[in-house]
Amino acid sequence: MFRYTAEILPYHDHPLEAALAELAKLSYSEVNLWSSAAPLAHHVNPGDDVGAIKALLDKYNLKPCGLTMYGKNQAEMLERIDFAAELGIDTVIFDCEANYSDFVATFLPPLVDRAEQRGVRIAVENHLTVPFSADFEAGGNEEKRWDEGVDSLAQIKRLVTDIDHPNLGVCLAPPHLWVMGETITEAITFLAERKRLYYYYIWDIDRAYRRGVDGLNFGPGEKQLPRADGTLDHAVPLAALKRVGYTGAASVKCHGTHGWSLDYISAQLNASDAYIRDCMRRIG
């Protein structure tokens, strides 16, 4: 069975310890830490006291299941692969940070080499090829999309074929697949068969999303958290994860929480958690 985990991301406006304390109160045992560019979560970063971070995790009985590092250049990612290894984290996550041909030819290879040396896996998120900007949650920038990235299932397949390496796999993000008109369970099955499904986001999208207009604006955070009246029936892909024998992290995620109070974030996560656990009961 997959491991049900949580992203620290929704708490990006709040201190690390406050976020960890809230997730522990919500009964999570594993958390994906973020070391990304603002306004995304950046609670931990190279140069931080590794011992102090580990002590905080131990204090709240939490294990780190990943390190996400969006909006970083190649040198910064190399540092974060080392940082992940120091923290005892086995998986780093980021998206296609360059046009596909450059991504596989020059951007990824040194990262894969470093990951192999440090015993860390790279999970590339299938992600719309809209370049990162600080105002991404406002949407737009569709006119700036790269020619090719890693967003469709065909491009996911191409990535793990072009760089067929045990330290390189995929982090599946359902909203991005939904925008591209892909079937989530098909992507799960393909990657699981090839041992390249390294991470999974339990994540929804606002039904009002406008393809070709809204870019990375997937709606308010309340509409991105999995819920009974959401766009996706999460019991279906979660059942697929179970069927293919996936034992990695399946982590609840959302953007769109800027300005939320600590209590409001936790209340929304708690409601989503109840729905996700109901899905897990339904699949047995």
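Colleague: How many bridges join strand E2 (residues 30–34) to E3, and is the run parallel or antiparallel?

Modeller: The general idea comes before the count. Strands of a sheet pair through backbone hydrogen bonds, either parallel or antiparallel. Two strands count as paired if DSSP finds at least two bridges between them. Helices (H or I, at least four residues) and strands (E, at least two) are DSSP runs, numbered from the N terminus. Here, five bridges join E2 to E3, and the two run parallel.

Colleague: What should I know about the model and its numbering?

Modeller: This is a predicted model, with residues numbered from 1 along each chain as its sequence is written. Local features need pLDDT of at least 70, side-chain atom pairs count only at pLDDT 80 or more, totals for chains, interfaces and linings use all residues, and side-chain values use heavy atoms, with hydrogens and water left out.

Colleague: Which strands make up the closed barrel, and how do they pair?

Modeller: Eight strands close the barrel, in the order E1-E2-E3-E4-E5-E6-E7-E8, with parallel pairing. From one strand to the next, the twist averages 30 degrees.

Colleague: How many bridges join strand E5 (residues 121–125) to E6?

Modeller: Four bridges link E5 and E6, in parallel. Ala-123 stands opposite Gly-169 in E6. Ile-202 has Val-252 in E8 as its partner.

Colleague: Which strands does helix H10 (residues 262–283) lie across?

Modeller: H10 lies across E1 (3–7), E7 and E8. Its direction is about 160 degrees to E1.

Colleague: How many residues of strand E6 (residues 168–172) are buried?

Modeller: Learn the scale before reading the count. Buried means under 20% relative accessible area, exposed over 50%, and partly exposed in between (1.4 Å probe, protein chains only). In E6, five of the five residues are buried. In strand E3 (residues 63–68), five of six are.

Colleague: Why does Ile-93 count as buried?

Modeller: Ile-93 is buried because its relative accessible area is 0%. The residue sits in strand E4 (residues 91–95). Next, read its contacts (heavy atoms within 4.5 Å). Beyond its neighbours within four places in sequence, Ile-93 touches residues including Asn-32, Leu-67, Ala-123, Cys-171 and Tyr-201.

Colleague: Where are Ser-27 and Asn-61?

Modeller: Both are in loops. Ser-27 lies between helix H1 (16–25) and E2. Its phi is near 75 degrees, a positive value in a residue other than glycine. Ser-27 counts as exposed because its relative accessibility is 54%. Asn-61 is in the loop between H2 and E3. Its phi is also positive, about 55 degrees, although Asn-61 is not a glycine. At 65% relative accessibility, Asn-61 counts as exposed.

Colleague: Which residues does a cis peptide bond join?

Modeller: Ala-38 and Pro-39, with omega about 10 degrees. Find Pro-39 in the loop between E2 and helix H2 (50–59).

Colleague: Why does Asn-73 count as partly exposed?

Modeller: Asn-73 falls in that class because its relative accessibility is 40%. The residue is in the loop between E3 and helix H3 (74–87). Its C-alpha is 7.9 Å from that of Glu-97, 24 residues away along the chain.

Colleague: How many residues line the largest pocket?

Modeller: Know the term. On a 1 Å grid over the protein atoms alone, a pocket is an open set of points where a 1.4 Å probe fits, with protein on both sides within 12 Å along at least five of seven lines; lining residues have an atom within 4 Å of a point. The largest pocket is lined by 18 residues. Arg-121, Leu-197, Tyr-246, Thr-247 and Gly-248 lie nearest its centre. Helix H7 (184–193) and strand E7 (197–202) are the elements that give two or more residues to this lining. The largest share, three residues, comes from E7.

Methods:
Axes fitted to C-alpha atoms, helices over the stretch in contact; angles between N-to-C directions.
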